[in-house]
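Good morning. Please look at the slide while I go through a few points.

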2 protein chains.
Amino acid sequence: MSDCPFSHITIVGTGLIGGSIGLALREAGYTGRIIGVARKQTTLDVAIQRGCIDEGYQDLTTACQRADLVILCTPVSGILAILPELAKLPDEQPIITDAGSTKATIVQAAEGVLRSPELFVGSHPMAGAEKTGPGVSRGNLFQGMPCIITPTQTTDPEAQARVEQFWQFIGMHIVHLTAEEADHSAARISHVPHAVAVLLFEMAERLGGLDVSSTGFADVTRIASGDADLWADIFMENKESIVDVIDELDQTIAQFRGLVVKGKRDELRALLDQVKNHRDTWIKRRTQS
Amino acid sequence: MSDCPFSHITIVGTGLIGGSIGLALREAGYTGRIIGVARKQTTLDVAIQRGCIDEGYQDLTTACQRADLVILCTPVSGILAILPELAKLPDEQPIITDAGSTKATIVQAAEGVLRSPELFVGSHPMAGAEKTGPGVSRGNLFQGMPCIITPTQTTDPEAQARVEQFWQFIGMHIVHLTAEEADHSAARISHVPHAVAVLLFEMAERLGGLDVSSTGFADVTRIASGDADLWADIFMENKESIVDVIDELDQTIAQFRGLVVKGKRDELRALLDQVKNHRDTWIKRRTQS
C-alpha cells in the first residue's frame, strides 16, 4: 500500500463522512495532522473525542492554514456555500476535493469561483449510512467501496493523482466519470432508490401494511431513514438526472406490470432468475474485493 | 409462555421456512414429534442433520399418519398441488395451516377440496430471507415477527385458536385479516417492494451504475436475490393486489417527480423528514418487541 500524499488534511464537516475519513486515515497508518471544521463546537468535541480529528475550528480560515488538502464533507448546499469562502483564503490555495452526492453543480461552482480551479478535484466516495454525525463514524466505511473522480480539462493531473492516492489510501478504488455521468449513475443506484424506499414506506403507512411488515421491508426501506436535509439537497441539485431515471423506472415498472397482467410466468421467472444470479455474483465479487 | 397445543407436527416442505419452524419449535421447548416431507431425500437429510425434523418422508400419506398439525411450507403452487392430496388421506383430517405468501387462492382452494374445511386455518408468517433450503434455516427467524391469520366463516374457532397458539409458541404475534386484506397488505410491504428491488437492480445493470454502487444499493436490492420460482408463483397468484399496488406506487412516484421538477424543496424535506422519523420509531418499536 502506498503512503498518503498529504500531511496536513482539513476536513470541512465532521459528520458521518468527514468523521469516518479521519478514523480511516488513522487506521491506515496516517501520521500527519487532521483538522476539523464544523458549525457547532459540540460536533467538534465529539469528533475529537472519537479520534476523528486532532483539532477543531468553527472558523474556516484558521482551519485551512497550512492545509495541503481540504475535503468538503457537508451536504451539497453547504459545499456550494463554502466554495466562495475558500476563494478568499489569504494563503496559497491547497488542493481541494469534496464528498458531495452530486457532481455537476459542485464542479462547475468550484471551477467558477476558486482562485486555482485546477487544484479542485471532484470526488464522490460511494459510502454512507442512514445515521448522521461524528458519533456514528467508523474507520472501515470506505473499505472496498468505489470512489468516483470527475476530472475536467481544467484539472491539474498531479492534483488529481494525489487525490486518487488519498482515497485509495483509505481503502477505496477509483472510477473515472464525467460529472454528468457521475450524477446519472448516482441517480440510478442511490438517489432514485432512496426516493422509492421513502415512497414505499410512506405508502405502507398511509394505505396500510406496516403492522404486518417484516425484515425484508425493513431492509428495502433502510435508506429512507437518511438525513432529510442532506437528501432534500440531493433531490434539488441532481434534478435532471433524477427525473430521467424516474422515467426509466416508470417504463420498467410498466413492462413488469404487463407481464403480471398477462400472466407471463415463464418470462417473469426468467427475469427474476437472471437478476438473482447476477446480483449474487455481484455481491460475491464485492465481498471478495 | 403457553405450551405448544400440538404434539405430532408434520412440516410439508423443509426449506428455509419449514426448516426454521422445526428449529424454532425445539428452541421454544417443544417436546413432541416433528416429521418432514420433501421431494428430495437430500433435503430431508440436511433437515434431519440440522435438527429441523426428527424423521423425513417423500410420501405425504406416511408423513401425515398420526399428525395433529400439518403445516404447508412449499411455494404457493406447491401448496395448491398438495391440498387435493391431503383430501385423500385415509385417516381423519388433522388441523392444517400453511405459510404461503398469498392467501385468497390458497384459502379458497383449501375450503373447496378438503374433507374437513373447518380445520384449515390460513396463515402468512411474515418472515423470510433471500436464501433457500434447510441449510440456511434458523430458529429465531420468527421471533417478534407478525403472523397474519385469515379465518373465514367456515373456520372452526378452536382450530383457529390452536393454530394461533402454535405461531405464538415460536415467537410470533397474531394479526387477523381477511384473505383479501392479507394479499393486499403483502403486495404493499413485500411483493411490490420485491418487484421494485428486482427492477432497480436490472436497470442499474442494463443502463449503468452497478460499478459505482454501494452498501445502500446492496440493502435496497437484497430481497431481489430471493428464489425465482417462489416469487414467480407469488406474482401469478396475487396478480390483482399486485397490479393495484403498482398503480398506487406509480401515482406516488408521479407526485414525488412533480415536487422535484417544480423545485419544491420545503415540501420534499417535510416528506423525507416525516418518513425518517416515523420509520425510526417503527424500527425502535420492532426492536423492542
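Leaving out residues up to four places away in sequence, Val245(A) touches Ala187(A), Arg188(A) and Val192(A); two residues are in contact if their C-beta atoms, placed from the backbone, lie within 7 Å. This is a predicted model, where local features need pLDDT of at least 70, side-chain atom pairs count only at pLDDT 80 or more, and totals for chains, interfaces and linings use all residues. Residues are numbered from 1 along each chain as its sequence is written, while chains are lettered from A and ligands numbered from 1 in the order in which they are written.

Val245(A) sits in helix H10 (residues 239-261) of chain A; helices are DSSP runs of H or I with at least four residues, numbered from the N terminus. Is Val245(A) buried or exposed? Val245(A) is buried because it has 27 C-beta neighbours inside 10 Å, and the cut-off for buried is 20 or more other C-beta atoms within 10 Å.

In all, 76 residues of chain B are in contact with 76 residues of chain A. H7(B) gives the most to the side of chain B that touches chain A, namely 17 residues.

Last, a helix pair. H7(A), residues 179-207, passes H10(B) in a right-handed crossing, meaning that the near helix is turned clockwise from the far one by less than a right angle. The contact is made by residues including Ala195(A) and Leu199(A) of H7(A), and Glu248(B) and Leu249(B) of H10(B).

Notes: Helices (H or I, at least four residues) and strands (E, at least two) are DSSP runs, numbered from the N terminus. A residue is buried if 20 or more other C-beta atoms lie within 10 Å of its own, exposed if 12 or fewer, and partly exposed in between; C-beta atoms are placed from the backbone.
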